[in-house]
Amino acid sequence: MKYQLDERNQMANHRRLTSALSSTAGKRYTDFVTCYPELCERFPQHIIASYLGINKDTLSRVKRQHNLSK
């Protein structure tokens, strides 16, 4: 059981790192909202921005653009 959790955690970290290196901030945010919609309401912007590898000003701009495109 512990091995499976470690493996899933490693896969999630790899996916997040790959995304941080190859995706735009907008794509990372869209993927985050799709995968974890409940976390957007639960955590402050600076925590989400840190998770996505962007600063909070960039996250604010991306969120505004994302909301305008809906």
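Angles under 35 degrees count as roughly parallel, over 145 as roughly antiparallel, 65 to 115 as roughly perpendicular, and the rest as oblique. Axes are lines fitted to C-alpha atoms, for helices over the stretch in contact, and angles run from 0 to 180 degrees between N-to-C directions.

The model is predicted: local features need pLDDT of at least 70, side-chain atom pairs count only at pLDDT 80 or more, and totals for chains, interfaces and linings use all residues. Residues are numbered from 1 along each chain as its sequence is written, and side-chain values use heavy atoms, with hydrogens and water left out.

**Exercise 1. Describe the chain as a whole.**

Step 1. Take the secondary structure. The protein chain has five helices and zero strands. Helices (H or I, at least four residues) and strands (E, at least two) are DSSP runs, numbered from the N terminus.

Step 2. Read the order. From the N terminus, the elements run α-α-α-α-α.

Step 3. Box the chain. Along the principal axes, its C-alpha atoms fill roughly 45 × 25 × 20 Å.

Step 4. Check burial. Of the 70 residues in the protein chain, 23% are buried. Buried means under 20% relative accessible area, exposed over 50%, and partly exposed in between (1.4 Å probe, protein chains only).

Step 5. Check contacts, meaning heavy atoms within 4.5 Å. Among those between residues at least 6 apart in sequence, 37% join residues at least 24 apart.

**Exercise 2. Work out how helix 4 and helix 5 pack.**

Step 1. Get the geometry. The two axes come within 9 Å and cross at roughly 95°.

Step 2. Apply the ranges. Helix 4 and helix 5 are therefore roughly perpendicular to each other.

Step 3. Name the partners. Helix 4 brings Gln 45, His 46, Ile 48, Ala 49 and Leu 52, while helix 5 brings Lys 56, Leu 59, Ser 60 and Lys 63.

Step 4. Sort by class. The contact of helix 4 with helix 5 has four nonpolar, three polar and two charged residues. Ala, Val, Leu, Ile, Met, Phe, Trp, Tyr, Cys and Pro count as nonpolar, Asp, Glu, Lys and Arg as charged, and the others, Gly among them, as polar.

**Exercise 3. Now pair helix 2 with helix 5.**

Step 1. Get the geometry. The angle between helix 2 and helix 5 is about 70°, and their axes are 10 Å apart. They are therefore roughly perpendicular to each other.

Step 2. Name the partners. Ala 25, Gly 26, Tyr 29 and Thr 30 in helix 2 meet Thr 58, Leu 59, Val 62, Lys 63 and His 66 in helix 5.

Step 3. Sort by class. The contact of helix 2 with helix 5 has four nonpolar, four polar and one charged residues.

**Exercise 4. Are Leu 52, Ser 50 and His 66 buried or exposed?**

Step 1. Leu 52 lies in helix 4. At 6% relative accessibility, Leu 52 is buried. Its C-alpha is 6.6 Å from that of Arg 28, 24 residues away in sequence.

Step 2. Ser 50 is also placed in helix 4. Its relative accessible area is 55%, so Ser 50 is exposed.

Step 3. His 66 sits in helix 5. With a relative accessible area of 18%, His 66 is buried. Leaving aside neighbours within four places in sequence, His 66 contacts Tyr 29 and Thr 30.
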